Amino acid sequence: MIQVKNLSFTYPGAQAPTLKALSFEISEGEIFGFLGPSGAGKTTAQKILYKILHGFEGEISIKGKALTHWGKEYQEMIGVGFELPNHYLKLTAKENMALFAAFYPKEKLLRLEDLFEMVGLEAHINKKVEAFSKGMKMRLNFIRAIMHDPEIIFFDEPTAGLDPVNARKIRDHILALRAKGKTIFITTHNMTSADELCDRVAFIADGEILVTDSPATLKHQHGREAVKVELKSGQTEEFPLKELGQNVSFADFLRQGELLRINTLEATLEEVFIQLTGKSLKA
Amino acid sequence: MKQLLTVSLSDFKMIFRDPSLRIFLFLPVMIFLVINVAVPWLMREFPVLEEYKIYLVVLVTIQMTQMFGFIYSIVLIEEKEQEVSKVYGVMPISRIQFTLFRMLIPAIITALITWLILIVQPFYSIPLGSSLLFSMVAALMVPPYVLAVAVMSKNKMEGMVWVKVINLAVVLPAAAFFVPKGFSWLFGILPTHWAFQGLYKLLLNESFAFEMVVATVLLGLFTTLLVRRFSKTHFA
Ligand SMILES: Nc1ncnc2c1ncn2[C@@H]1O[C@H](COP(=O)(O)OP(=O)(O)OP(=O)(O)O)[C@@H](O)[C@H]1O
Ligand SMILES: [Mg+2]
């Protein structure tokens with residue numbers, strides 16, 4: 001669906017490139033993610049893909065056609081969930097949505113009421129956006145991105161600024177969009193989001209992609225396949241997962257005292273990220 | 001067309017809901033009072049001013065073009081500050097076309113109120129067709145005014161400064177009336193020079209076609225340059 005080869009980009013006037021030869025592919029119907037710390041270049045890469053930044057180097061093709069050759073049909077096909085809330089504050093939520101709905105073919109538009117209900121904003125539909133909290137504005141960003149039923153959707157930090165309940169809801173909606181066959185490109189510096197949502201994730205730091213794979217594979221490759229056993233006495237010991245049932249010392253250890261907890265030592269995505277990039281996600 | 005109406009409608013909703021912009025919609029009323037009440041009163045009280053009457057009428061009429069120049073500059077700067085402009089950047093539209101179309105309604109209203117003031121001013125009688133033609137050319141000042149301020153300003157504060165600068169550039173060529181004949185062409189680079197000179201001739205019932213053509217060409221040129229620049233910076 002989306003192929004990117006050696007994408008480089010330097011902001012006008014900047015010394016060093018912000019993106020350095022990024023290559024990745026996104027297949028139809030998958031959720032692909034950029035996981036990386038602040039300033040890594042995630043938003044920049046997305047802006048190039050949704051065509052508000054121009055003057056990149058490298059090749060980008062969408063459905064086999066060069067990005068630069070696409071006309072207005074491209075914008076009809078994509079949806080963009082911006083990183084920060086951006087609405088007319090003096091207009092109501094509904095007026096904001098209706099304004100941008102006017103740019104899309106009518107037959108593609110989803111019902112506004114349904115969209116507001118999806119994200120729990122139905123009671124605020126006629127409120128001016130200046131009276132919205134950041135989380136409410138972000139939910140409005142989310143439904144604006146999908147109101148014309150786009151095939152390809154970009155979400156830049158879709159759960160940033162949301163409370164856990166609403167973040168959960170948005171993640172579920174993103175998974176539901178994938179189930180409908182949408183191709184989704186998200187950026188995040190939240191490893192839980194990346195782990196839960198992404199079919200494949202690319203680690204990006206300082207404008208470079210270090211690795212791209214499924215979260216499960218990454219954790220598997222870089223984690224330790226072992227359990228850590230902790231007794232109430234404070235004694236701890238680790239045992240390999242392999243043939244744990246036949247492991248005599250494991251059974252002996254369990255009999256030594258009262259058990260406090262057993263944890264598997266699978267790496268988190270964040271630990272893998274630190275191992276591979278030498279950088280923390282919370283830059 | 002439907003998009004244009006929807007966008008213009010929300011532009012106007014925002015203008016009406018913002019007290020600091022709404023107030024400027026009264027500018028035509030003020031100009032109306034100045035030209036119909038204040039200027040006639042001045043003429044009665046100070047008959048020596050009679051010979052400056054035509055300049056007063058020219059200057060006051062041109063002010064009509066400033067209302068939407070100011071209002072729309074602020075609308076665009078605000079939408080850039082709040083990053084709503086990026087949303088237009090991902091809509092299926094041609095940015096240049098969209099920008100020009102968006103100036104259409106304010107330009108039409110500017111033409112109408114300028115025409116109205118020329119019809120109701122009590123000093124000169126001008127053919128309706130000629131005054132309409134002049135008003136349409138004068139209204140072409142709105143897009144370059146708005147785009148110039150929007151392109152130069154990163155925020156509302158800067159916007160206010162640039163509004164003053166552009167206002168000055170609009171009014172400055174009036175000085176051409178008072179400098180020796182040989183120097184007045186120096187103001188010719190500013191489109192409003194030709195609007196002033198054209199209106200002056202129109203009021204005296206002289207032919208003003210040349211001035212209108214030059215003004216239109218200059219304004220067209222400024223608009224073309226500015227809209228290109230604007231479409232590159234505003235939507236990203
Ligand atoms: N308009 C701009 N002009 C110049 N440099 C910019 C501009 N926007 C971003 N940058 C720089 O490009 C780099 C990447 O920024 P970008 O916004 O893409 O990062 P990000 O990965 O999205 O970070 P975050 O997680 O904070 O959103 C940063 O060093 C930033 O300073
Ligand atoms: Mg970002």
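1. Definitions for the voids. On a 1 Å grid over the protein atoms alone, a pocket is an open set of points with protein on both sides within 12 Å along at least five of seven lines, a cavity is a set where a 1.4 Å probe fits but cannot get out, and lining residues have an atom within 4 Å of a point. Grid points are joined across faces, edges and corners, and a volume is the space filled by probe spheres set on the points.

2. Basis of the note. This is a predicted model, in which local features need pLDDT of at least 70 and side-chain atom pairs count only at pLDDT 80 or more, whereas totals for chains, interfaces and linings use all residues; side-chain values use heavy atoms, with hydrogens and water left out. Residues are numbered from 1 along each chain as its sequence is written, while chains are lettered from A and ligands numbered from 1 in the order in which they are written.

3. Second largest pocket. This pocket holds about 230 Å³ of space. Its lining includes A:Lys72 from chain A, together with chain B residues, among them B:Met1, B:Leu4, B:Pro92, B:Phe98 and B:Arg102. Helix H1 (2-17) and helix H7 (95-102) of chain B are the elements that give two or more residues to this lining; helices (H or I, at least four residues) and strands (E, at least two) are DSSP runs, numbered from the N terminus. The largest share, four residues, comes from H7(B). By class, the lining has seven nonpolar, three polar and two charged residues, where Ala, Val, Leu, Ile, Met, Phe, Trp, Tyr, Cys and Pro count as nonpolar, Asp, Glu, Lys and Arg as charged, and the others, Gly among them, as polar.

4. Largest pocket. The volume of the largest pocket is about 270 Å³. Of the 14 residues that line the largest pocket, B:Pro144, B:Ile166, B:Ala169, B:Pro191 and B:Phe222 lie nearest its centre. Two or more lining residues come from each of helix H10 (142-152), helix H11 (156-171), helix H12 (191-203) and helix H13 (209-233) of chain B. H10(B) gives the most, with four residues. The lining comprises 13 nonpolar residues, one polar residue and no charged residues.

5. Largest cavity. The count comes to three cavities of 30 Å³ or more. The largest cavity has a volume of about 50 Å³, and residues of chain A line it, including A:Gly81, A:Phe82, A:Met138, A:Phe155 and A:Glu157. Helix H5 (134-146) and strand E7 (152-156) of chain A each supply at least two residues of this lining, and H5(A) gives the most, with three. Five of the lining residues are nonpolar, two are polar and two are charged.

6. Second largest cavity. About 40 Å³ of space lies in the second largest cavity. Both chains contribute to its lining, which includes A:Phe82, A:Tyr104, A:Arg144, B:Val87, B:Val90 and B:Met91. E6 and H5 of chain A each supply at least two of the lining residues. The classes here are seven nonpolar, two polar and one charged.

7. Metal site. Which residues coordinate the magnesium ion (ligand 2)? The donors are A:Thr43 (OG1) and A:Glu83 (OE), at 1.9 to 2.2 Å. Donors are N, O and S atoms within 2.8 Å of the metal (3.2 Å for Na, K and Ca), and water is not among the atoms, so sites may look incomplete. A:Thr43 lies in helix H1 (residues 42-49) of chain A and A:Glu83 in the loop between strand E6 (78-81) and helix H3 (93-101), 40 residues apart. A:Thr43 is buried, with a relative accessible area of 16%, whereas A:Glu83 is partly exposed at 30%; buried means under 20%, exposed over 50% and partly exposed in between (1.4 Å probe, protein chains only).

8. Individual residues. A:Thr188 belongs to strand E8 (residues 183-188) of chain A and is buried, with a relative accessible area of 4%. Not counting residues up to four places away in sequence, A:Thr188 touches residues including A:Phe34, A:Lys42, A:Glu157 and A:Ser193, contact meaning heavy atoms within 4.5 Å. B:Gly220, in helix H13 of chain B, is partly exposed, with a relative accessible area of 31%.

9. Domains. Chain A is divided into domain 1 (2-219) and domain 2 (224-265), with bounds from an automatic or database domain assignment. The centres of these two domains, taken over C-alpha atoms, are separated by 43 Å.
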